[in-house]
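Hello,

Here is the structure we spoke about, with some notes on what turned up in it. Please have it open as you read.

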Amino acid sequence: MIKKVRQHPSQNEALLFETSSPGKVGYQLPALDVPGVDPVDVLGAQHVRAEIENFPEVSEVDVMRHFTRLSTWNYAIDLGLYPLGSCTMKYNPRVNEAVARTEGLMWIHPYQPEALAQGALAILAELERVLIDITGMDAVTLQPAAGAHGELTGILLVRALLEARGNPRRKVIVPDSAHGTNPSTVHTAGYEVVNVASNHHGMLDVAALEGMVDEDVAAIMITNPNTLGVFEENIARVAEIFHAKGALVYMDGANMNALAGISRPGDYGVDLMHLNLHKTFSTPHGGGGPGSGPVAVKEQFEPFLPLPRLRRATAGWSWDYDRPKSIGRVRAFYGNFGVLVRALAYIMAHGGEGLKRATQDALLNANYLRKLLEPHYKIPYDAPSMHECVFSNPSTGAIAKRLIDYGFHPYTVSFPLIVHGAMMIEPTETESKQELDLFAEALISIAKECDENPDLVLKAPHSTRTAKVDEVAAARKPILKWRGP
Ligand SMILES: *Cc1c(COP(=O)(O)O)cnc(C)c1O
């Protein structure tokens, strides 16, 4: 067996499989003080695995050090600016964690009797209430576990409502500036996706939409602000047009961090929408833990919301399962409880004024970066930016990799698809002017390198453990299985 030697803990790291040595274990158990049994006799041979092939045999300290070293290779929001557009990599305030680790919340069990879980149910009810307030809608379900899951729940609600009216209809209109999950959701929910191009400002094309909507259209799914980081200024007019034909307006509100405290979708014709708590309300995401994609609806959808619903009676909070029109369960229990607690902590720590301020700062930061970078990078649409700005450069991939050498996480590359060579930058409200200046300086310096020394950019990164990888080979001939030493 060939062993990789670890030269320096930060430079090279063998796989656990490679450091394995036979007989090494990570635990010591006391001798049995009861008669031993053969697992095969107790469980049956079909449930007992003789051996796990190539299972690494290592000690506890081997495992700890291996994963701790690997963790130092990661970039994280706690290390620096993380401008991954559309993903809202904002700082996760530690107060959220402190609240989620309150003993009574940390140890609560989903099967705990309602009478012993009143505090937890009250927390869920309070989060529903504040989300209703923030969105201007009438009811909220906290069950969906991610943004895309919220979308699916939402379109299933559209289907349920229209079915109850007698005809579920066939088509859902999705503008080309929508998030990629929108067409997938439509398809998964059994509707036909009808694509529509944006106008030259990167906004909804009212005239085109007016010509498309008929009695066969169930809904339009509008990402707002859209993937260009642009507010859909025509959304209220579009809502009127769709409502006149009995169709519904779904808003992808994953980027509500551009609107919270300033504008409420329920006030401009949106019938239902989802939120991404792991974006707007600062709960960890990106390998950092489960997400949460609550769906907020207008009253007409309330009877169809997923089971169970929170209900308040004189005896206190309880779960209501007796809802014959419900679309049923979309998730076990009632959502990712720990995440919901963190989101409510964030909202309460800010208060209404604080949330508005966070939104304004997010917009200010994105527009500040836009102004600094505009002389050096092309902006493909003239509309004002909200919480993120999208530039266009044919070398977007190489520039993103070069950013790593400057100590920053790359921006979102080649998305949205309607911008050729998209560079999608979302600084969030987390960043100070100082940090934004450093980031802009890095990108300006790279723009200069593109002219003066293009190879430096094209072959980046130069400072990382792994240099530029062969992306074609990685896609065409991926090695997905460890082949053994
Ligand atoms: C992130 C995002 C989604 C998807 O959310 P997930 O939690 O990753 O499923 C959908 N729409 C928009 C606009 C987004 O930014």
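Does Tyr82 count as buried or exposed? Tyr82 has 13% relative accessibility and so counts as buried. Keep in mind that this is a predicted model.

Tyr82 also takes part in an aromatic pair. Its partner is Tyr75: the ring centres are 5.7 Å apart and the planes stand at 65°, so the pair is edge-to-face. Tyr75 itself counts as partly exposed, because its relative accessibility is 25%. Phe281 and Tyr346 make another edge-to-face pair, with 6.4 Å from centre to centre and 70° between the planes. The structure has 7 aromatic pairs.

Now the domains. The assignment lists domain 1 (16-71), domain 2 (94-348) and domain 3 (360-473). The centres of domain 2 and domain 3, taken over C-alpha atoms, lie 31 Å from each other. In the contact between them, domain 2 contributes 23 residues and domain 3 contributes 19 residues.

Together, domain 2 and domain 3 bury about 1500 Å², and carbon and sulfur atoms account for 63% of that. On the domain 2 side, 33% of the area buried against domain 3 comes from Thr227, Leu228 and Gly229, more than from any other three residues.

The side of domain 2 that touches domain 3 is made up of 9 nonpolar, 13 polar and 1 charged residues.

Regards

Key. Residues are numbered from 1 along each chain as its sequence is written. This is a predicted model: local features need pLDDT of at least 70, side-chain atom pairs count only at pLDDT 80 or more; totals for chains, interfaces and linings use all residues. Side-chain values use heavy atoms; hydrogens and water are left out. Domain bounds come from an automatic or database domain assignment. Contact means heavy atoms within 4.5 Å. Buried area is the accessible area (1.4 Å probe) that two parts lose on being put together, summed over both. Ala, Val, Leu, Ile, Met, Phe, Trp, Tyr, Cys and Pro count as nonpolar, Asp, Glu, Lys and Arg as charged, and the others, Gly among them, as polar. Rings of Phe, Tyr and Trp (its six-membered ring) pair if their centres lie within 6.5 Å; planes under 30 degrees apart count as stacked, over 60 as edge-to-face and the rest as tilted. Buried means under 20% relative accessible area, exposed over 50%, partly exposed in between (1.4 Å probe, protein chains only).
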